[in-house]
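I opened this notebook to record what I looked up in the structure. My entries follow in the order in which I took up each topic.

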Amino acid sequence: MSTRFISHEFCFTPLIKSGMMPDIMRCILENFIVIEGLDGSGTTTQLEKLANRIGEERCAVTFEPTDGAIGLLIRQVLRHEVTLTPQAIARLFSADRGEHIESPATGIRAIAGEGKLVICDRYLFSSLAYQSPDCGWDFVFSLNESFPLPEILLFLDVPPALCQKRMEVRNGKELYEDLSRQEAILHNYKRSFEAFSQTGMKLHVINGTVSPEEIHENMWNILSEHPSLLRY
Ligand code: TYD
């Protein structure tokens, strides 16, 4: 693993100028970890467990949609309080992400750049998975083209039917929670993993059907060797 932080500009400019930039060319943002999974797969539980184990000093945990102005509007859409076109929703997720990554001092790029591990519940893979069924893959991909990839992507693998069962015990349905929908979302998750398979990002597909404690241990085994944690 390289320990050099590669800036976005450094990575893209020469390739754009030479007209040789492949579609999937991306920068990896060091110290940036993402957890993804279907609704009901347990990403939020695992984020909390990692945060408790690693501690505030060594890691920052965060999530998308964020609790910023754009993220709050997105949550109103998810609760059906505001109605927007699928394309506008996809643009909002992307705008929220732009703020999340680039905000000076508090953004993911700034914190990861200081050497702290940043663990994020959902990222651009969620947009590709959830927005593509309505907006088309290319549209969503282009909205997310400028964002860096995480160093490590942890995908919580839980069959859609089991996620559905888990969701039934929760109150109220959000926008994307039907079974057939979840199957389409899973299909697009897999497509996104394929699309980024040559980028250097490390993908770990984790069995999400075992106990939360066992899942946590599996995630911890992956992250505990990370250089940003070994420094302490
Ligand atoms: P999340 O907060 O993980 O769900 P919950 O509040 O139920 O724990 O995510 C909210 C929903 O937003 C989830 O169904 C996935 C969806 N989503 C997208 O559709 N696109 C995106 O880019 C992101 C980040 C989330």
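Entry on strand S1. I began with S1, residues 28-37, in a model that is predicted. I found that 10 of the 10 residues of this strand are buried, so S1 is largely enclosed by the rest of the structure.

Entry on the partners of S1. I then asked which strands pair with S1. Strand S4, residues 149-157, runs parallel to S1, and seven bridges join the two.

Entry on the ligand. I next looked up which residues surround the ligand. I recorded 14 residues, of which the closest are Glu-64, Phe-93, Ser-126, Ser-127 and Tyr-130. Helix H6, residues 124-135, supplies the largest share of this shell, with four residues. By class, I listed five nonpolar, four polar and five charged residues in the shell.

Entry on the chain as a whole. I counted 11 helices and five strands. Of the 232 residues, 36% are buried, whereas in S1 the buried residues are 10 of 10. For contacts between residues at least 6 apart in sequence, I noted that 78% join residues at least 24 apart.

Terms used:
Residues numbered from 1 in each chain as written. Predicted model: local features only at pLDDT ≥ 70, side-chain atom pairs only at ≥ 80, totals over all residues. Buried ≥ 20, exposed ≤ 12 C-beta atoms within 10 Å, placed from the backbone. Pairing = 2+ DSSP bridges. Near = placed C-beta within 6 Å. Nonpolar A, V, L, I, M, F, W, Y, C, P; charged D, E, K, R; others polar. Contact = placed C-beta atoms within 7 Å.
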